[in-house]
Amino acid sequence: MVQKYKWALLILRVALGLTFFIHGVAKFQMGLGNVAGWFESIGVAGFLGYVVAFIELTGGVALIVGLGTRVISALLAFVMSGATFTVKLPAGFMGNSQTAGYELDVVLLSVAIALCLSGSQLFALDNTWFGSSKN
């Protein structure tokens, strides 16, 4: 049973990491100035666009390799909460004809919270570098 739990957390960790890494890459490709400008257009401080892009890109990589899983997951949960309440909530759960809803955000937030609470030990650099089986 314990081994299945560890494998399940590994799958969640890698899937969440890959998802955020790709979103971070997309933000860098579109230009961080453009991301900051979009943040300002929705009433959020522009510098947060840089912060979110950095968290998504580096946090995604860190999750994939299992480095700082709990801390990174907490940061990503914070990012998802901000996205949901700032942008997606008015569109509703399933969205509308103009924008996507927050259904994916809820799933990503839930996975981030689960990893924040439990960590992920299997194939994690935390175990190799810090010599601990606890995450």
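In this predicted model, α3 passes α4 in a left-handed crossing, where left-handed means that the near helix is turned anticlockwise from the far one by less than a right angle, and right-handed that it is turned clockwise. Helices here are DSSP runs (H or I, at least four residues), numbered from the N terminus. The model is predicted, with local features needing pLDDT of at least 70, side-chain atom pairs counting only at pLDDT 80 or more, and totals for chains, interfaces and linings using all residues. Residues are numbered from 1 along each chain as its sequence is written, and side-chain values use heavy atoms, with hydrogens and water left out.

The contact (heavy atoms within 4.5 Å) between these two helices is made by Val52, Ile55, Glu56, Gly59, Ala62 and Leu63 of α3 together with Thr69, Ile72, Ser73, Leu75, Leu76 and Val79 of α4.

The table sets out the helix pairs; axes are lines fitted to C-alpha atoms over the stretch in contact, and angles run from 0 to 180 degrees between N-to-C directions.

| Pair | Angle | Axis distance |
|---|---|---|
| α3 and α4 | about 145° | 10 Å apart |
| α4 and α5 | roughly 155° | within 8 Å |
| α2 and α3 | roughly 120° | within 7 Å |

With its crossing angle of roughly 155°, α4 is roughly antiparallel to α5, whereas α2 and α3 are oblique to each other; angles under 35 degrees count as roughly parallel, over 145 as roughly antiparallel, 65 to 115 as roughly perpendicular and the rest as oblique. The crossing of α4 and α5 is left-handed, and that of α2 and α3 is right-handed. In the latter pair, Leu32, Gly33, Val35, Ala36 and Phe39 of α2 meet Leu48, Gly49, Tyr50, Val52 and Ala53 of α3.

The largest pocket has a volume of about 770 Å³, the volume being the space filled by probe spheres set on grid points joined across faces, edges and corners. A pocket is, on a 1 Å grid over the protein atoms alone, an open set of points where a 1.4 Å probe fits, with protein on both sides within 12 Å along at least five of seven lines, and its lining residues have an atom within 4 Å of a point. The lining is formed by 27 residues, of which Lys27, Phe39, Val52, Glu56 and Ala83 lie nearest the centre. Its largest share, nine residues, comes from α4.
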